[in-house]
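Have a look at the model first, and then we'll go pair by pair.

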Amino acid sequence: RALSSRHSQLPSPNRDRCMPAVLTPRSESRARQYAPSTADEAKRQSNIEEEAAADSATFHPRGDATTNNKITPESSASVMSTSSTVSVTMDKASIKAVPDERSYFERFADNVNHALTGGFFRLGYSVAKNPYKYALGSFLICLMLTVGIFAPGLTNENRSDKLWVPSDTQAQDDNKYVSQFYGAEARFGEVIVKKAGGGDVLDPAVFAAVKTLVDGIEAASMQWEGATIGWQDQCLKIGAACAISHPIQAFASAADYDTRDEIVAVVNGGAGTYKNLATGQPLNLDGTIGGQVLDANGEVTSASAVRVGFLTKIHQTIVDGDEVDERGDEFERKLLDVFEAGIPGVELTFIVSRSFGDEFGAAIQSDLGLLQAAFMLILAYAALMLSRWDEGCVGSRVAVTFSGVVSVGMAIAASYGFCSYIGLFFSPLMNVLPFLLLGIGVDDMFVIVNQYDHIDPTLDPATRIGKALASAGASILVTSATDVFAFLVGSNTTLPALRNFCFYASFGILFIFAFMVTWFVAFFVLDERRRARSQGDVICCFVTKNQACCACCAPREDKRTRMERAFGEGLGGQLVKPWVKGAVCVGFAAIAVGGFIGCSQLEIDADVNDFIPAGSYVKDWFADTNAYFAKLGDSIAVYSRDVDVHTADGAALMLAASLAFKADPYVAEASVSSWIESFNAHRGSTGAFTLADLHAWTTTVGSSGMPFKGDIVWKNETNNVPNEGIISTRMRGNHVKSFKSDDKVKSMDSLRDSLEAVPGNGAGNVFAFSDSWLSYEQYKSIASEATRNIASTMAGMVVIIAILLISPKAVLIVCLCLCLIIINIMGYMHFWGQTLDSVTIIMLIIALGLSVDYSAHIGRAFMEHRGTPDERLKNSLADMGVAVFNGAISTFLAVIVLSSSESYVFVTFFRQLFLCIVFGLGHGLVLLPVLMSLFPPKPFDPPAHMQ
């Protein structure tokens with residue numbers, strides 16, 4: 001009676017009135033299942049009446065012949081049936097209450113499920129009745145949020161130190177101090193000269209070519225803002241000389257290197273001979289002569305390369321969050337023209353500051369066509385698989401697919417606008433976000449349409465949409481809420497770019513969910529009205545036949561598509577076999593073992609060379625510098641802060657710091673240029689000194705202190721008043737060459753420890769800093785960031801899945817599969833040559849977000865089906881497996897396109913998503929159903945609106 005009352009409250013119960021005017025062949029087949037023919041119904045009614053008459057005198061439910069419980073038409077309570085009404089009368093005393101055998105968790109799970117599906121049923125029913133209102137409302141909400149892109153407007157941020165360096169690191173604090181008093185780091189350039197065809201470069205012809213190269217650099221000029229800018233205007237000066245280093249500086253004239261013996265003698269002459277004759281400063285042998293071959297006495301007998309290095313000024317401005325130095329870029333373009341022209345007799349490999357941006361940007365630009373092709377493949381596959389080809393052109397759903405893509409675009413715009421409102425900057429990392437959101441949106445489209453196609457086609461459209469959204473909406477809510485919460489938890493990172501990416505992604509997924517259940521469903525309703533009128537897709541002004549265009553698309557008698565049979569009877573039929581279940585568990589356990597082994601061997605490493613495409617001139621320079629100049633690494637400097645260096649204690653502190661600097665195992669001792677040691681050598685003593693003496697030493701033309709002029713920052717250098725004191729000093733050097741990120745982090749920590757151990761430096765007023773250390777800090781945080789983000793994201797997913805699935809067994813199985821997926825992705829990315837860096841962490845978070853869909857949808861479908869565990873396994877795969885598979889394959893097609901990319905970002909994207917799809921589908925469509933059937937959770941109690 002209660003069910004009858006509930007059923008009578010459902011919208012449009014008169015199904016004959018609500019039958020579509022035209023049924024497709026497949027719909028007619030399904031309609032016969034729900035609405036029997038008149039002859040069949042009359043026969044069934046006659047049988048019911050005969051059985052009722054035969055049993056009316058003998059129907060004793062309790063075995064008591066005196067009990068008046070027979071069926072009579074006079075005293076009856078109506079019970080709803082599809083096409084007939086049977087009257088039943090029973091004595092209340094004869095009815096026993098059936099005890100509720102469900103546990104507390106099961107009752108709670110059913111209540112939550114009823115609330116969710118009921119809410120989505122009412123939403124779907126309302127959208128079906130008012131599609132234009134919901135479409136317009138969704139558009140207006142999107143428009144209001146999108147306005148934020150223009151007002152207040154997105155703040156672009158491209159500075160690497162603002163994107164990838166944790167904001168609370170020591171390097172960030174030191175960078176602010178150094179930039180305040182020494183300005184930004186200079187632009188750099190470098191040319192490696194090799195003898196054509198290989199051979200010894202300690203040759204007069206090679207040195208003559210180097211001289212020609214240097215002359216070309218110093219002769220470069222350009223027109224800028226109405227003035228001629230030459231080398232002397234653009235070079236960075238140390239003292240009065242331009243910062244350029246090469247072996248020719250050790251010779252007074254070309255006549256001094258016109259024989260090989262003269263060259264070898266100077267190169268092996270030590271600091272007193274192999275020096276810059278113009279400044280008196282020693283030349284670094286390891287930094288200028290590469291590929292050295294030494295004899296038994298340690299003297300150079302031959303070499304393979306000569307290096308010319310130089311620094312130029314920065315004229316930097318910030319435009320829309322991007323650091324721009326147009327003058328420096330233009331001058332370096334002139335230098336590149338010189339290098340590209342080449343010099344006879346030698347081979348050149350070269351690099352300048354703009355080279356990284358040029359080559360990396362070119363790689364990204366060349367791949368934009370691939371990205372567009374990937375998007376088109378996703379759309380084409382979605383349109384192909386969503387369409388009902390058993391209805392010909394009427395069943396095509398290209399317009400529906402396009403409306404779903406529009407909803408994804410609306411979600412992206414709304415996300416960008418909302419994040420702009422709350423002050424989150426936009427970075428280049430967001431360029432991969434549309435790919436993630438499109439993958440999630442297409443998956444939601446497949447789930448909604450798939451559920452609709454499984455609903456009784458004889459229902460009125462509003463009720464059918466309501467029932468479809470009741471099931472599909474609850475399913476995509478699980479995945480969307482899990483993703484949103486996981487990304488919000490992941491935003492608790494110290495990497496600013498990753499933090500903002502997580503915020504943009506979480507809001508984007510939230511808006512996709514909102515627009516999918518409103519905008520997309522509204523257009524889906526309009527498209528179903530078009531199908532009911534037998535109008536063609538896209539061009540809906542003509543009416544055509546509702547029939548398959550070929551025999552292969554004709555509807556099947558069992559009312560299931562080929563893919564549904566393949567997943568239900570095919571895959572599901574195999575998975576229910578006991579030996580197959582055992583093999584699946586053993587096989588996936590072996591795969592997991594490989595994943596754990598890979599995780600244990602996964603390295604943290606970030607190589608800028610990875611971002612440069614193959615064939616680039618920058619890669620050639622990297623190869624030569626690593627092969628021939630493997631002793632000197634990144635530049636480094638030691639600074640003093642608020643130290644009275646002229647006092648006895650201050651001078652002793654600086655001298656001790658200089659010695660500790662040179663003694664550090666990760667510092668190339670010969671590269672250290674120390675003003676305190678040079679000044680002590682100049683004055684012939686140690687200890688206290690006068691500021692006037694130091695000032696005169698660094699400013700007198702021709703003095704040995706001129707090269708150190710830029711290393712001393714005076715409080716007041718105007719009017720020659722040095723006695724007011726010194727703000728800061730600097731000693732320069734280089735790290736030893738290191739190739740692994742872990743070694744670079746060790747070199748940074750080692751030098752910091754060395755300086756902290758210097759007596760009198762307890763307050764840290766003498767510290768080391770390098771621009772490269774901003775990247776080192778990133779390397780240092782990658783391990784903790786990866787652990788924190790993946791762990792917090794997984795924890796967030798577990799919480800949301802537990803709230804929405806409730807059943808402990810279901811939650812544990814789904815979460816187990818998610819853990820195995822992410823472990824396998826990380827483990828097997830190691831075997832594929834990937835390491836942990838800022839790019840792979842982002843891709844891991846994206847892969848984790850996508851992998852939820854593969855397991856959560858199947859897990860919820862299993863909970864909604866009743867029957868034996870094996871029956872539930874086959875039915876869940878038949879109903880939801882197709883949608884999950886299609887969502888994954890649409891992304892997979894795009895991933896295959898990206899596999900031919902030359903960009904490190906896209907190649908990483910391909911490998912991570914490939915692993916995500918393979919392991920996600922494997923665990924979601926194979927392992928999870930098997931585990932669910934072996935440890936079956938009790939199904940949800942079907943709510944009244946789904947009866």
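Partly exposed, as used here, covers residues between buried (under 20% relative accessible area) and exposed (over 50%), with a 1.4 Å probe and protein chains only. This is a predicted model, where local features need pLDDT of at least 70, side-chain atom pairs count only at pLDDT 80 or more, and totals for chains, interfaces and linings use all residues. Residues are numbered from 1 along each chain as its sequence is written, and side-chain values use heavy atoms, leaving out hydrogens and water.

Let's start inside a helix. R333 is partly exposed at 26% relative accessible area, and D337 is too, at 39%. Their side chains form a salt bridge, 3.2 Å from N to O (a side-chain nitrogen of Lys or Arg within 4 Å of a carboxyl oxygen of Asp or Glu). Both sit in helix α13 (residues 326-341), 4 residues apart, so about one helical turn separates them. Helices here are DSSP runs of H or I, at least four residues, and strands are E runs of at least two, numbered from the N terminus.

Now for a pair from further apart in the sequence. K631 makes a salt bridge with D286, with the closest N and O atoms 3.7 Å apart. K631 is in the loop between α21 (617-628) and β16 (632-641), while D286 belongs to helix α12 (residues 285-288), so this pair ties together parts 345 residues apart in sequence. K631 is partly exposed, at 48%, and so is D286, at 24%.

Salt bridges can also join up: R187, D325, D329 and E332 are linked in a network of them. Across the whole structure, a search finds 25 salt bridges.
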